[in-house]
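Keep the structure beside you, try each task yourself, and then follow the solution step by step.

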Amino acid sequence: MKLLEERILAEGMAENEDVLKVDGFLNHQVDPVLMEEIAKDFALHFKSQGITKIVTIESSGIAPALLTAKEMGIPLIIMKKQPSRVLYNDLFQTVVASFTKETSYELTMSKKFLTDEDHVLIIDDFLAYGESAAGAIRLVRMSGATVAGVGILIEKVFQAGRDKVKENGVPVYSQVKIKKLSGGKIEIEE
Ligand code: G4P
């Protein structure tokens, strides 16, 4: 997606060889006009697939996922991250490990909002190692719903996220693919 690509090249910062900072328009300050364009692109890509709900993981996926839900005229469900292993009967839960942040958390979603009639699109900001996306797929499937696909704003192709999602039999659509981060330079895959 050209607009997002241009924005990354203009304002993104390669913090090191693994992490791209995009705090100015996505992870801290959010550009709503850019989010609207991102939403239109997702809606176009995933149209006519019978998608009934969008799911995202708090917090940075919320802005693009909300606008995509609005664009597609369907509800958004936000999966929550719980720090502790508290068990609740009314929640689906799964443990997600984060390589980038070197922690793990309990990803949770109420049992109320998805049924086996739902066909779900998962949207998130980054695809790194795919652990969050795989966790979101597990939770959606616990409800009996099916997963149409995973929509990602920024995929780092040098990490193994896409393979992890594909292992689960789910297609990935990413708007921008980062080939390499090195010496402060951001290389984008055409
Ligand atoms: P994975 O989910 O693909 O396996 O990746 P990983 O565990 O390594 O990443 C966990 C968190 O780090 C996610 O945010 C993800 O968005 C973020 N992240 C991964 N790589 C990058 C990067 O290159 N740049 C930035 N800015 N973030 C990255 P999170 O913990 O869910 O945080 P948030 O959604 O509350 O921002």
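**Exercise 1. Pairing in the sheet**

How many bridges join strand β4 to strand β6, and do the two run parallel or antiparallel?

*Solution.* Start with the ground rules. This is a predicted model, in which local features need pLDDT of at least 70, side-chain atom pairs count only at pLDDT 80 or more, and totals for chains, interfaces and linings use all residues. Residues are numbered from 1 along each chain as its sequence is written, and side-chain values use heavy atoms, with hydrogens and water left out.

Step 1: find the two strands. Strand β4 covers residues 76–82 and strand β6 covers residues 103–110. Helices (H or I, at least four residues) and strands (E, at least two) are DSSP runs, numbered from the N terminus.

Step 2: count the bridges. Three of them join β4 to β6, and the two strands run antiparallel. Two strands count as paired if DSSP finds at least two bridges between them.

Step 3: look at one position. Q82 stands opposite E106 in β6.

**Exercise 2. Salt bridges**

How many salt bridges does a search of the whole structure find? Then describe the pair E5 and K2.

*Solution.* Step 1: the search finds eight salt bridges. Each one is a side-chain nitrogen of Lys or Arg within 4 Å of a carboxyl oxygen of Asp or Glu.

Step 1: the side chains of E5 and K2 meet at 3.3 Å, N to O. Both residues lie in helix α1 (residues 2–11), three residues apart, which is about one turn of the helix.

Step 2: judge their surroundings. E5 is buried at 13% relative accessible area, whereas K2 is exposed at 52%. Buried means under 20% relative accessible area, exposed over 50%, and partly exposed in between (1.4 Å probe, protein chains only).

Step 3: E37 and K40 form a salt bridge at 3.2 Å, N to O. These two are separated by about one helical turn because they sit three residues apart in helix α3 (residues 32–45). E37 is partly exposed at 29%, and K40 is partly exposed at 40%.

Step 4: look for a network. Salt bridges link R7, E11 and D31 in one.

**Exercise 3. Two residues and their contacts**

Is T108 buried or exposed, and which residues does T108 touch? Which residues is P171 in contact with?

*Solution.* Step 1: T108 lies in strand β6 and is buried, with a relative accessible area of 3%.

Step 1: leaving out residues up to four places away in sequence, T108 touches M79, K80, Q82, L91, F92, Q93 and L139.

Step 2: P171 lies in the loop between α6 (161–167) and β9 (172–182). With 44% relative accessibility, P171 is partly exposed.

Step 3: apart from neighbours within four places in sequence, P171 is in contact with A148, G149 and V150. The C-alpha atoms of P171 and V150 are separated by 6.3 Å, although the two residues are 21 apart along the chain.

**Exercise 4. The chain as a whole**

How many helices and strands does the chain have, and what share of its residues is buried?

*Solution.* Step 1: the chain has six helices and 10 strands.

Step 1: of its 190 residues, 47% count as buried.

Step 2: for the overall extent, the C-alpha atoms fill a box of roughly 50 × 35 × 30 Å, taken along the principal axes.

Definitions and conventions. Contact = heavy atoms within 4.5 Å.
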